[in-house]
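Colleague: I am new to this structure and would like to ask how some of the labels attached to it were reached. Could we look at it together first?

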Amino acid sequence: MNWRINESGVSATIENIEWERIHLILTVRLHIDGQKTYDIDKMEFYAVNNLGGCGVKFDVRRKEDIIKLHVNVTNSGELRCIPRGTYRIFVCEKDCVLAECETSPDIADQLEAMSRNFLYGERGKSYNVTFYIEDGTDTLPFRMHCIALGAVGVTFPQNPSFLKKINLIKALKDCYLSSRSVLRRVYKWYSFLYKSRRKNTVLFMTEQNQKIASNLKAVSDRMVDRQLDQQYRLLYSARPAAAEPQSKKSWIGLMKLLAQSGTIFIDDHAPVLDWLKLDDDTTLIQLWHAGAGFKSSGYSRWGHEGCPSPQSCHRQYKYGIAGSKNIAPFFSEVWGINDEQVLPTGMPRMDEYLDEQHRNEKIKELYEQFPMCRGKKVILFAPTYRGRNKKTAYYPYELIDFEKLYQICGDEYVVLFKMHPWVNKDIVIGKKYADKFLDVKKYPNINDLFYIVDLLITDYSSNIFEYSLMRKPMLFFAFDKIQYSFSRGFHRDYEESAPGKVCYSFEEVLSAITDKDFEYEKVEQYITHHFDYIDSGASDRVIDWILLGKMPENISNAIKKKQEEIQRMHELDFATGMLVQQDD
């Protein structure tokens, strides 16, 4: 890099620091000497450590001479957190360094409060981003320090025990005898055996359920329909290992399946891949089971209980999928990968859902199974669960005023209740309401129910993604929005994004039904934003783009451009100029 700080006529001041979940936003004001001419839109901003290594290239968003620098601290572009180090921020134009960012006096005494600690590892570890001003200078040079920290002792220090330091039994167990170390070696052994034969082997895998379903089943079935099972060897692994202990035989069998597979499709978090690194020539694809709701998960809720560690299963994805390019950032944030890696194929499980023949068959079956729905408008009450996990999941049924809901149904409505599968306690419907209320929790596929539903009442569930394509109204019963936002977090503004009227009490829900006040115009806006394709071709796109290498040129070019940008960032040499500056 050419060092032109002293003669560039450019100065830069950081005037504000903001956080949006895991996104750091620095507000920078540029001042340019009137005798100098620069194209501000072509300026680049880099975070450079004390060794001259470039750790971040900021996403630059400009409004006149005010510039916003954005970076996701859990993914600086290389599928990892910003590396440990102390960073200064340089303003560059091509290969020239024009300025180093200073700190505005207005925020100098607020830097500590603007710093952020993200707890993870059951709150025993922390990733810290700290801001400060370097001492010993006449100016206010801005510094950002990033570091991952672990738990430390708090007792008075003593001389360490030699025997405790040299614990051969513990070392042997950790290195060779722990279950994970054994399984890693089993995987490597099988990998050696199958490496030359796995190129055309595809594994469909879930660690959450006992059967292959949803997106995994849709893609697998479509491959068979297209007779691609003659070109590819299809393998399957379905275990509820995320919630239940598994046998040694099951674990060894999984290692063998993973080692045989050149491409692995999953549709949820696979905890085994948090600690097992797949071979570099194995491609891991995330066919995420949910469309696009509001709940934060993965790295979007970093710092909250249950969030992933800096390295996790998500970091191993080569690609994930989404309904549209517009919503790719929601998913890339969750997985800690780049926007370009999220492919807008659509959801494979919706191919059947959008098939007209399937729809007509299911409507006929539903009216036969639930005759009370014939000739009536159907309300589906389908919220998500409350609680931390499957074991503690519940829903506060006491908030539902069954009597008033029954009264407003009149001769117009019937109500189906389908609670989240994790909610163990069933809803109790009194006999006097049985002619209008029905519990359909055991009905296997909520999407099929949508065909006969006229109004969906939900809260933060992603079921709105599929239902929106029925182009029918929704209501959102968000009685605990503040608490839910605090515990689970939202990755976007709830009120602005909900495709329907938001109600904060059941009385408001009842009034909205009575007045037919659903704010339906939001549904069409939601569809336009969330769907690049509304057809039955999502499975084919997954197969063609990912397996067969027929990715659209604009998408493959964007991926290539991102890779080139990261490569260039590593090639930049700031070290020489920094050494000269220190000598001066």
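Colleague: In which helix is Tyr176 found?

Modeller: Bearing in mind that this is a predicted model, Tyr176 is found in helix α3, which spans residues 168–177.

Colleague: Why is Tyr176 called partly exposed?

Modeller: The relative accessibility of Tyr176 is 49%, and since buried means under 20% and exposed over 50%, with partly exposed in between, Tyr176 counts as partly exposed. Together with Leu172 and Leu177, Tyr176 forms a nonpolar patch on the surface, with about 340 Å² of accessible area for the three together.

Colleague: What makes the contact between Asp279 and Arg198 a salt bridge?

Modeller: The N to O distance between the side chains of Asp279 and Arg198 is 2.9 Å, and because a salt bridge asks for a side-chain nitrogen of Lys or Arg within 4 Å of a carboxyl oxygen of Asp or Glu, the pair qualifies. Asp279 lies in the loop between α7 and β16, and Arg198 in the loop between α4 and β13, so the pair ties together parts that are 81 residues apart in sequence.

Colleague: Are these two partners, Asp279 and Arg198, buried or exposed?

Modeller: Asp279 has a relative accessibility of 11% and Arg198 one of 1%, and because buried means under 20%, Asp279 counts as buried, and Arg198 counts as buried too.

Colleague: How do you know that Arg226 and Asp544 meet in a salt bridge?

Modeller: Their side chains come to 2.8 Å, N to O, and the cut-off is 4 Å, so the pair of Arg226 and Asp544 counts as a salt bridge. This pair links distant parts of the chain, with Arg226 in the loop between α5 and β14 and Asp544 in helix α18, 318 residues apart. Arg226 is partly exposed, at 28% relative accessibility.

Colleague: How many salt bridges does a search of the whole structure find?

Modeller: The search finds 41 salt bridges, and one network of them links Glu44, Lys57, Asp95, Lys562, Glu565 and Arg568.

Colleague: What makes the phi of Glu122 worth a remark?

Modeller: Most residues other than glycine have a negative phi. Glu122, however, has a positive phi of about 55° although it is not a glycine, and Glu122 lies in the loop between β10 and β11.

Colleague: Why is Glu122 called exposed?

Modeller: Glu122 has 83% relative accessibility, and because exposed means over 50%, Glu122 counts as exposed.

Notes. Residues numbered from 1 in each chain as written. Predicted model: local features only at pLDDT ≥ 70, side-chain atom pairs only at ≥ 80, totals over all residues. Heavy atoms only, no water. Helix = DSSP H or I, 4+ residues; strand = E, 2+ residues; numbered from the N terminus. Buried < 20%, exposed > 50% of the residue type's maximum accessible area, 1.4 Å probe, protein only. Patch = residues over 30% accessible without salt bridge, like charges linked within 9 Å, V, L, I, M, F, W, Y side chains within 5 Å. Areas by Shrake-Rupley, 256 points an atom, 1.4 Å probe, with all protein chains shown as cover.
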